[in-house]
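Colleague: I have a model open and want to learn to read it. Can we go through it together?

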Amino acid sequence: QVQLSESGGGWVQPGGSLRLSCTASGMIFIRNTMGWFRQAPGKERELVAKTTTNGPTVYARAVEGRFNISRDNDKNTINLQMNTLEPEDTAVYYCSLRQNTGERWLSYWGQGTQVTVSS
């Protein structure tokens with residue numbers, strides 16, 4: 001089993017910044033993909049950014065140039081630095097980890113953290 005612990009989030013005015021962190025614990029394989037998704041009220045959950053161990057980083061077009069995802073493989077931690085936040089970024093942000101056990105792909109989710117951007 002894998003547990004994901006999220007921190008950060010909160011309220012910020014448009015143009016402000018926030019930082020989210022997520023640490024994974026449990027049965028973690030060396031090669032995995034960790035990332036952030038978000039879900040706004042009435043909308044489907046969508047990818048924000050993801051990063052693979054020693055691999056590529058992918059951003060949603062809506063956040064490219066404003067958000068930066070980083071990871072510490074030794075600590076199984078990812079961070080999402082969110083700058084120039086807009087009201088449209090308001091959502092619950094979920095940390096995810098996806099890995100292959102050798103037999104199948106498994107995905108895990110954090111409980112989510114609220115990000116609210118408003119004046």
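Modeller: We take the sheet, then one arginine. Remember that this model is predicted.

Colleague: What holds the strands of a sheet together?

Modeller: Strands pair through backbone hydrogen bonds, either parallel or antiparallel. Here, an open sheet of four strands runs in the order β1-β3-β8-β7, and its pairing is antiparallel.

Colleague: Which are the edge strands?

Modeller: Look for strands that pair on one side only. In this sheet they are β1 (2-8) and β7 (67-72). From one strand to the next, the twist averages 15 degrees.

Colleague: How many bridges link β3 and β8?

Modeller: Six bridges join β3 (residues 18-26) to β8 (residues 77-82), in the antiparallel sense.

Colleague: Now the arginine. Where does R38 lie?

Modeller: In strand β4, which covers residues 32-39.

Colleague: Is R38 buried or exposed?

Modeller: Compare its relative accessibility with the cut-off: buried means under 20%. R38 has 6%, so it counts as buried.

Colleague: Which side chains make polar contacts with the side chain of R38?

Modeller: Check N and O pairs within 3.5 Å. The side chain of E46 is joined to that of R38 by a polar contact of 2.8 Å. The side chain of D89 is joined to R38 by one of 2.9 Å.

Colleague: What else does R38 touch?

Modeller: Leave out residues up to four places away in sequence. R38 then touches, among others, V48, A62, V63, F67, A91, V92 and Y93. E44, R45 and E88 are also among its contacts.

Key:
Residues numbered from 1 in each chain as written. Predicted model: local features only at pLDDT ≥ 70, side-chain atom pairs only at ≥ 80, totals over all residues. Heavy atoms only, no water. Helix = DSSP H or I, 4+ residues; strand = E, 2+ residues; numbered from the N terminus. Buried < 20%, exposed > 50% of the residue type's maximum accessible area, 1.4 Å probe, protein only. Polar contact = N/O pair within 3.5 Å; in protein donor to acceptor, adjacent residues only side chain to side chain. Contact = heavy atoms within 4.5 Å. Pairing = 2+ DSSP bridges. Axes fitted to C-alpha atoms, helices over the stretch in contact; angles between N-to-C directions.
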